[in-house]
Amino acid sequence: MTAISTNPVVSMLDKCKSLCELRQIHAQMIKTNLLNHQFTVSRLIAFCSLSGVSGGLDYAASVFSRIQHPNSFIFFALIKGFSDTSNPVESLILYARMLSCLNYSSGVEFSIPSVLKACGKLLAFDEGRQVHGQVLKTHLWFDPFVGNSMVRMYIDFGQIELARRVFDRMPNRDVVSWNSMIAGYLKAGEIELASELFDEMPERDLVSCNAMIDGYGKCGRCELAEKVFETMSDKDVVTWTSMISAYAQNRCPMKALDLFREMLSLGLRPDGPAIVSVLSAIADLGFVEEGKWLHAYVSMNKIELSSGFIGSALIDMYSKCGYIENAYHVFRSISHWRNIGDWNAMISGLAIHGLAQEALDIFVEMERMDIEPNEITFLGLLSTCSHGGLVEQGQFYFESMHEKYKIVPRIQHYGCMIDLFGRAGRLEDALGVIQNMPFEADLLAWKAILSASMKHGHIEIGKSAALRAIELAPDDSSSYVLLSNIYAKAGRWDDVAKIRLMMRQRGVKKIAGCSSMLVNGKVHEFLAGKELDRSYSGRVLAKIAEVVSRLKLQGYEPDLTQVLLDIEDEGKESLLNLHSEKMAVAFGLIHINKSAPIHIVKNLRVCCDCHCFMKLVSKVYNRQIIMRDQNRFHHFENGCCSCNEYW
């Protein structure tokens, strides 16, 4: 029988779309005695193994078990098919059987890359070394495809030096070889070595450039990512997405947003990761109008909210922009295919808005629907309890996390417990968590103790925590400032002077308070104590004076204890009036329609005086003020704040 007569069967295989159809074709082959024809059987097994038809690989193995003398192509199809599964041990078993049946006859070499891939997935180091030895004894060493597979195998093993040794000794290297080695360095976190190899490349392609942009972005080297991006003559969607992500990850949200708009202007359709990165950038900015525009773009272009976690990113964006109702609407609109990220984003969003009971209700609903929580779920829950002062509930969820759900707490979960106890004034319990947790306390843990010491007036505990925090991060100004403030509140001005001298000697500068707002499409920033833009400084300062005067008639007394400087009271009051959030709200009262809320984003924690000031402004001027500070949201309305004085 010739190969020509088998064409109808081969043609039917090419059109096959399901296991049911496959069985019918197999039955036809049995009836027409084609199972004894090596070419046709090879095509059947290749189709079953490589087509992706559900159940096809198991069916191929069943057919294979009935073949008395399989050829190298049949072995290759099965070995490759199993190497692409999550547990490719069958590939190694088949390879060993192939060698015993066929030795090194023609065609065996085609299976080597798949076998190396299987070894890498299984972390089968000894078996991989044996295959490496076989390659060195044959002409396959001159095949770059085989060499590349060996490089990737050693990278999978975590043996980056062995991978580089193979790369350096490869007699024939192609662009894939270079990309594989660069990817290995990036995976191992060796950004400098990846950069050196990238510079040595004889010819760069999209893959290598995109990998380097992504790698530079992830390690905070945004300027190097920009350099690669700007020198590329050809860019694809991955290129733009990688650069946008680099900006978003490195606190350059406006650059991420601008680049996204440029991408759209060139007619490129963004993918899910690009949209998620831009939504993250908008969330950092806190400017909801930009987020609404992007949400509309997603809707108009019929992009699924489940694509690349866009739904979760939208929930997070609306939450961080102060529109928790919009976040909740998005959450409910994706009910039929909601993923764990959507639940986590909703819980965390409610937490930062102080809606503790609502967040806990979402978790109860999640449990009722048998959705398994993960580590991030419990971070959201513990944060909820911390912001809401729910100490007992926080302890309950921390215990149920590892007892009921068998999730091992990470240092972030212990950090939440430290913050929970610290905010509640239970400093000894917070220190007990640090002493008993199976990790060394990190910077955030000691800063939580330090903040709690500042709030509750524990000078010695605060001093000890500050020294540990400064030891871990000597360039972080906040630890020095908090310790200085603790001393100032206690009237220990000599100690305040020592801290400030230490900061000057070490070149550590205090981060200035900054409040920003988006009005009529333009970003306005206000720095504490700084001269305002001359185009509106006079009106803003006059408005602050007017507001202070009206509030004093309602009983407002500036809290001079919030100015931690050894100066006269009159000077302290002047400094209080120039806090950034006061300037921002004055600007908002002038320029924002009375029916619209005033949205303010602040980079630091709001002080007690400004908090009281905002409550009175909301009552006297009948305005809703929504402020996001470093820790959470404050919704001021009719003289009250959503935080219930717990922040």
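1. The largest cavity has a volume of about 30 Å³. A cavity here is a set of points on a 1 Å grid over the protein atoms alone where a 1.4 Å probe fits but cannot get out; the points are joined across faces, edges and corners, and the volume is the space filled by probe spheres set on them. The search of the whole structure finds 1 cavity of 30 Å³ or more.

2. This is a predicted model, in which local features need pLDDT of at least 70 and side-chain atom pairs count only at pLDDT 80 or more, while totals for chains, interfaces and linings use all residues. Residues are numbered from 1 along each chain as its sequence is written, and side-chain values use heavy atoms, with hydrogens and water left out.

3. Residues lining the largest cavity (an atom within 4 Å of a point) include Gly286, Lys320, His599 and Phe633. Strand S3 (598-602) and strand S4 (625-628) each give two or more residues to this lining, and S3 gives the most, with 3 residues. Strands are DSSP runs of E, at least two residues, and helices are runs of H or I, at least four, numbered from the N terminus.

4. The axes of helix H14 (residues 222-231) and helix H15 (residues 237-249), lines fitted to C-alpha atoms over the stretch in contact, come within 10 Å and cross at roughly 160°. H14 is therefore roughly antiparallel to H15 (angles over 145 degrees between N-to-C directions, on a scale from 0 to 180).

5. In the contact (heavy atoms within 4.5 Å), Cys222, Ala225, Glu226 and Phe229 of H14 meet Thr239, Trp240, Met243, Ala246 and Tyr247 of H15.

Methods: 1 Å grid on protein atoms, 1.4 Å probe; cavity = no way out; pocket = protein on both sides within 12 Å on 5 of 7 lines; lining within 4 Å. Parallel < 35°, antiparallel > 145°, perpendicular 65-115°, else oblique.
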